[in-house]
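Work through the exercises below with the model open. Try each task before you read its solution.

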Amino acid sequence: MKALMFGWEFPPHILGGLGTASYGLTRGMSMQHDMEITFVIPKPHGDEDQSFLKIVGACNVPVVWKDNNWDYVNQKIGKTMHPDEYYWLRNGIKYDYRRIYTNELGCIDFSGKYPSNLIEEISNYEAVASVLAHQMNFDIIHSHDWLTYPAGVFAKNISKKPLVIHVHATDFDRSRGQVNPTVYGIEKRGMDAADHIMTVSELTRRIVIEKYHQDPNKVTTVHNAVEPLPNADSFTKTPRKEKVVTFLGRITMQKGPEYFVEAAHRVLQKTKNVRFVMAGSGDMMNAMIDLAAKRNIADRFHFTGFLKGRQVHEMLAESDVYIMPSVSEPFGISPLEAMQVGTPTIISKQSGCAEILNHAIKTDYWDIDAMADAIYAIVTKPAMHKSLQELGKEEVNNIKWQDAGLKVRRIYEKALGWH
Amino acid sequence: MKNICFYFQIHQPISLKRYRFFEIGQDHYYYDDFQTEHQIRKLVEQAYLPSNKVISEMIRSSNGKFKCAFSISGIALEQLEQYAPEVIDSFKELGKTGSVEFLTEPYAHSLSSIFNATEFELQVKKHAHLIETLFGKKPTAFRNSEMIYNDEIGEIVSNLGYKTILIDEARQVFGWKSPNYIYNHSYLPKVKLLVRNNRLSDDIAFRFSNRQWDAFPLTADKFISWINNLPDNENLINLWMGYEALGIYQRAETGIYDFFKALPFNAIEQKVSFVLPTEISKKMESAGAINAPYPISWYGNEKDVSSWTGNDLQQEALNKLYAVSERVHLCSDRPLQHDWLMLQSTDHFRYMSHKSSFGSPFESPYDAFTNYMNILADFLERVDAQYPTTIENEELNELLKTINHQEKEIESLESEIKRLKTRKSSTTDTHSK
């Protein structure tokens with residue numbers, strides 16, 4: 001089975017959860033011996049792990065025919081693609097894309113981020129998809145998130161191969177209901193054209209069915225998993241007298257940071273032995289600093305700014321409680337990461353990962369009393385901390401990408417009409 | 001001749017209310033009365049009252065040949081008295097027929113038999129007293145909460161004067177021994193053990209209306225013939241179940257009451273009789289001793305106590321609770337004593353189980369634990385306010401002795417003063433002379 005996947009991010013250069021999920025899923029799927037994955041991303045850096053799949057950089061795919069000698073091509077893109085492949089792909093140019101700005105190789109310079117001209121990049125990605133669809137040999141197309149839906153749809157129309165799309169988030173999650181009509185339009189067209197839709201949780205599945213009017217039979221949930229942390233034991237907790245409760249993520253409306261501040265205020269009225277940490281950055285950070293000051297808890301409430309890489313796991317491991325009060329979270333991988341390093345976790349019921357976790361405390365995002373109660377119980381009752389720590393770790397170590405990969409495989413086979 | 005011994009269990013936990021940690025020290029009322037009343041009324045209307053009516057009919061129509069025993073926990077009796085006194089009256093009526101026996105059990109349906117022997121004894125006495133007051137007869141047979149039993153518990157119960165104990169047919173103790181005999185305590189031959197027949201009991205309690213079951217539909221005729229076809233010398237069939245099996249697990253529409261009504265008739269026809277626990281344990285010889293070094297119970301597949309004590313949360317809650325037993329025994333504060341009992345119900349701990357929190361009103365074992373521990377924290381503060389934990393138990397005993405004896409002490413000192421005064425006055429008298 002050959003799958004052509006369109007993604008936007010791939011580790012190690014990632015900006016959000018999409019890259020992590022793309023990596024985990026493809027790695028899990030590669031355990032199937034006959035699975036060949038070609039993963040397209042806008043701009044590879046050359047240090048991606050290609051041991052189990054093939055990465056194609058959209059910025060190396062010519063969309064306008066240009067004649068260049070082998071050495072020049074090698075000098076330009078040799079780091080991320082073999083020049084022979086460039087020449088081979090060039091044969092897939094069937095349309096005139098001279099209207100798009102291209103470089104001397106006839107390729108598009110993608111930023112690979114989330115620039116202000118994002119809509120333009122999405123549409124340029126379509127041009128690349130057309131070349132790949134004409135030239136490459138594959139059985140199925142798999143598009144990750146709305147940025148890549150148009151590319152997937154175009155590839156489907158050209159190749160007549162089935163398209164499955166993977167909904168990692170919808171605009172309803174990002175905007176608390178205030179959807180951007182352009183984004184909604186792209187999402188809806190992708191879903192309408194797809195042969196099958198995968199969602200990362202039941203929560204997202206319901207949004208896809210209710211808000212995007214999709215046939216429930218066409219939508220299947222494939223819960224995310226988490227990559228095993230090979231050096232989980234290297235993250236240790238420094239013994240300290242005070243307990244640490246941590247919020248980690250973008251400080252934006254979607255993540256519900258204000259509920260965390262209010263819960264902290266409640267806890268601190270009863271016990272002084274706790275410190276609260278808000279790690280990350282975002283447009284609501286200053287408002288949260290104000291709120292903490294207004295509640296008179298600023299001496300016990302700390303902001304770290306943006307953390308990355310190993311710092312994230314270190315922060316999680318140093319915490320006694322990890323809390324994610326998201327208002328709407330399609331899945332939410334970070335509680336699983338916290339559990340991997342043995343940190344008890346409190347998550348909102350409005351998070352997709354709540355559907356597969358038993359050994360995490362679940363509260364409504366708005367229920368600050370319940371949240372405060374859970375924090376208080378974990379920091380004051382060793383049995384509570386120990387149970388959540390041990391059983392949580394065991395639970396999360398059994399959530400494997402390989403199983404998610406098998407589910408995706410069955411969906412491919414269904415889309416191909418094999419059952 | 002085959003004998004059927006029916007016994008029905010009634011227990012309903014009191015519902016704890018949502019109690020957040022910031023209420024600790026502020027609010028000393030722990031119960032959700034609305035929920036408790038709602039639950040007990042539902043049980044009463046859908047199960048207890050109609051079932052009592054059927055049983056009384058069965059006794060009447062069989063001329064007292066149908067017999068059965070009941071065990072009603074102290075907590076359940078309190079709730080019935082408060083929310084459904086008509087059920088108590090109905091049980092009193094049943095008691096008067098002479099075909100019904102009331103067993104005794106720890107008052108609070110607690111795990112005290114494992115955690116605190118003194119508390120256990122107190123609760124059994126308290127329950128036996130209540131049963132005698134309500135139904136006019138001292139109970140003579142004992143069943144522990146959740147049928148928890150081991151040799152040690154058997155000994156304590158025997159010392160309390162009970163020679164009949166009801167236990168479960170747990171595989172780890174019985175192996176391939178049949179439950180259809182009477183056995184005795186491992187080293188106290190006079191203490192008789194009656195054993196629940198798990199298969200036949202569950203056939204009625206859980207499988208009766210199951211259409212996938214190969215014996216469906218179960219008729220009284222078929223059921224009695226199964227009993228009659230048991231090996232010749234297996235003569236006692238103990239059918240024990242929660243009373244809510246009639247009317248809740250097996251709803252009236254399933255025909256469970258018709259099945260019961262037909263039982264005495266079919267039994268008499270096939271020469272099977274009904275017996276009560278105390279009666280049969282006096283009549284029948286023991287088939288041998290049963291060794292039970294570790295506690296067994298009638299719950300779950302494991303038939304052990306892991307449903308209540310199996311994980312860290314449960315251990316923590318139980319240890320914290322029973323650590324103050326001695327102090328609570330010293331207290332004379334009535335509300336405190338009452339809360340102490342209410343907080344011991346086994347259900348609170350089962351809701352904290354990761355494997356058997358069936359029917360829990362809480363969202364998760366963690367939620368159950370958090371809520372319970374908040375309540376317990378307030379309770380412990382109240383105990384502490386009476387007798388601070390900074391004082392050792394022995395020291396406390398001494399202090400209490402001093403306090404309790406202070407009146408006598410004062411009296412004796414006063415009389416001494418008087419004596420000295422009179423002596424003084426008499427001496428001054430002589431001087432003035």
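**Exercise 1.** How are α9(A) and α10(A) oriented to each other: roughly parallel or roughly antiparallel?

*Solution.* This is a predicted model: local features need pLDDT of at least 70, side-chain atom pairs count only at pLDDT 80 or more, and totals for chains, interfaces and linings use all residues. Residues are numbered from 1 along each chain as its sequence is written, and chains are lettered from A and ligands numbered from 1 in the order in which they are written.

Step 1: locate helix α9 (residues 257-270) and helix α10 (residues 285-294), both of chain A.
Step 2: take the geometry. The angle is about 15°, and the axes lie 10 Å apart.
Step 3: apply the cut-offs. Angles under 35 degrees count as roughly parallel, over 145 as roughly antiparallel, 65 to 115 as roughly perpendicular and the rest as oblique. α9(A) and α10(A) are therefore roughly parallel to each other.

**Exercise 2.** Find which residues of α9(A) and α10(A) meet.

*Solution.* Contact requires C-beta atoms, placed from the backbone, within 7 Å. From α9(A) come P257(A), E258(A) and V261(A). They meet M288(A), L291(A) and A292(A) of α10(A).

**Exercise 3.** State how many residues each chain gives to the contact of chain A with chain B, and which elements of chain A take part.

*Solution.* Chain A gives 16 residues and chain B gives 13 residues. On the side of chain A, α9, β13 (361-363), α13 (368-380) and α14 (382-397) each supply at least two residues.

Definitions and conventions: Axes fitted to C-alpha atoms, helices over the stretch in contact; angles between N-to-C directions. Helix = DSSP H or I, 4+ residues; strand = E, 2+ residues; numbered from the N terminus. Contact = placed C-beta atoms within 7 Å.
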